[in-house]
Amino acid sequence: MDFTDFAAGSDDGGRRVDRVLRRFLYDANLSSVYGALRKGLILVNAQRVKPDARIESGDVISIASFLLQNENSSGSENNPIENRRENKAATLPYTVVFANEHFLVIDKPYGVAVQGKNSIAEKIAVYYDASVPKKKRSLSFVAGPLHRLDKNTTGILFFSWSLKGAAWFSRELKAHRIRKKYIALVEGDMESECVWEDFIKKNDEPKALFYTVRVVSGSTAGAGDVQNLTSGTGDVQNRASGQADKTVCAANGAASGSLAAMHGAKRAITKAKPLCRASYKGRSVTLAEYEIETGRMHQIRAQSAFHGFPLLGDTAYGGSRIDEAQAFFLHAYEVRIGENPVGLPPVITSKLPHAFESFNDKILPNWRKSFIL
């Protein structure tokens, strides 16, 4: 019987063999994997092993070649390994902001999904297999995004390049030691800095195949009395005057804490800072900086709209439609990491994309004095 051999790398040490095998037998269920191990169709160092056996760096996993052929013939469209084998000459179509052995940081362009079919993640995975030598790869590691950016949000996006880097980044993110700042164009006159502390919950059903979230805050914390931002009504309009107070914002979120938690909402904390103001087709607009302490889905878009400052053009959250190069303008421009053991610079920045700069030049003639990167 013919076997195909795969060598375990340093990142694979201590991982269960059945978990590692799922990367190669992508469409096989666990019972099929267990059966192949029991029958000797999969060996570790030429020996049969149990599914919960742990592999070590340097171990050789031998898989009966017909199992891999069956996997490929079952449909390579669902098989990321086969897809990458067909794209060994892949190039990276994104601007690289930083790269080392643990991370790849790119400047995400507008209008491209991070995950899913034909996404950035797919292209990054292809690039990883094409650019990282086999001897430096692990069997159980797949390069992937370490945080989220919406399809129409631009800017800094981290991808893992090693298990060590992925594990470190996840720990730091969970501990809120990685600080992320954004720049956005919003409607309304934001006159002073504000800290918004609210609770965010996903809407139960997608609207036009697009998931939105709703903010639970203050008196709207009840299950049947939650502000749905997709309508652009209620508190969005009531607070549109822009008279947001730092103390009031924090108090509203804190007051709803226990009740919001009962309904599955998650705490969201955002700092907003106005940089400069102007008007666009008769509407007041503000170029604002946001720093997020939490990373909830659509956090900036939802909270900013809830507190009276929907992103200009963000119709999903009550913003006025615009006819410009982008539907709305939200850019992840800075990530602060501080001292670290994984070779990252303490601060990583990204310039505004050309479309964002051009739009600013058109409606905010002095914006460059307020925003110096």
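What is the relative accessible area of Asn45?

Mentor: One caution before the answer. This is a predicted model. Now to your residue. The relative accessible area of Asn45 is 40%, so Asn45 counts as partly exposed. Asn45 sits in the loop that runs between E2 and E3. Look at its backbone too. Asn45 is not a glycine, yet its phi is positive, at about 55°.

Now step from the loop to the strands beside it. Three strands make up an open sheet, in the order E1-E3-E2, and their pairing is antiparallel. E1 and strand E2 (42-44) are the edge strands, and each of them pairs on one side only. Neighbouring strands here are turned by 20° against each other on average, with direction ignored. In a regular strand, side chains alternate between the two faces of the sheet.

Take E1 next. E1 and strand E3 (residues 60-64) are paired in the antiparallel sense, over 5 bridges. Phe3 belongs to strand E1, which covers residues 3-7. The bridge partner of Phe3 in E3 is Ala64. Phe3 has a relative accessible area of 30%, which means that Phe3 is partly exposed.

Compare your asparagine with Asn118. Asn118 lies in the loop between E5 and H5. Asn118 also shows a positive phi of about 55°, and Asn118 is not a glycine. Its cover is another matter. The relative accessibility of Asn118 is 55%, so Asn118 counts as exposed. Your Asn45 is partly exposed.

From that loop we can go inside. In soluble globular proteins, nonpolar side chains tend to be buried together. The largest nonpolar core here has 32 residues, and those touching the most other members are Ile106, Ile124, Phe159, Tyr182, Met190 and Tyr290. Several elements each supply at least two residues to this core, including strand E5 (103-108), helix H5 (120-131), strand E7 (179-187) and strand E11 (283-292). H5 gives the most, with 4 residues.

E8 is another element that supplies this core. Where does E8 pair? Strand E8 (residues 194-202) pairs with strand E10 (residues 266-280) over 7 bridges, in the antiparallel sense. One of the links to look for is Ile200, whose bridge partner in E10 is Lys266. E8 also pairs with strand E9 (residues 213-216), again antiparallel, over 4 bridges. There, Lys201 has Arg214 of E9 as its bridge partner.

Go back to E7 and look at charge. Arg179 makes a salt bridge with Glu291, and their closest N and O atoms are 3.0 Å apart. Arg179 is in strand E7 and Glu291 is in strand E11, so this pair ties together parts that lie 112 residues apart in sequence. The relative accessible area of Arg179 is 22%, so Arg179 is partly exposed. Glu291 has 15%, so Glu291 is buried.

Arg179 has another partner. Glu293 forms a salt bridge with Arg179, with the closest N and O atoms 3.6 Å apart. This pair also links distant parts of the chain: Glu293 is in the loop between E11 and H10, and Arg179 is 114 residues away in strand E7. At 25% relative accessibility, Glu293 counts as partly exposed.

His176 is found in the loop between helix H6 (163-174) and E7. With a relative accessible area of 40%, His176 is partly exposed. His176 and Ile292 are 116 residues apart in sequence, yet their C-alpha atoms are 9.5 Å apart in space.

Glu334 pairs with Arg336, and here the closest N and O atoms are 2.8 Å apart. Glu334 has 9% relative accessibility and counts as buried, whereas Arg336 has 39% and counts as partly exposed. Elsewhere, salt bridges that share partners join Arg179, Lys271, Glu291 and Glu293 into one network.

Finish at H10. Helix H10 (residues 299-306) is mostly covered, with 8 of its 8 residues buried. Among them are Gln299, Arg301 and Phe306. Just after H10, Gly308 takes a positive phi of about 100°.

Definitions and conventions:
Residues numbered from 1 in each chain as written. Predicted model: local features only at pLDDT ≥ 70, side-chain atom pairs only at ≥ 80, totals over all residues. Heavy atoms only, no water. Buried < 20%, exposed > 50% of the residue type's maximum accessible area, 1.4 Å probe, protein only. Pairing = 2+ DSSP bridges. Axes fitted to C-alpha atoms, helices over the stretch in contact; angles between N-to-C directions. Core = buried A, V, L, I, M, F, W, Y, C linked by side-chain atoms within 4.5 Å. Salt bridge = Lys/Arg side-chain N within 4 Å of Asp/Glu carboxyl O.
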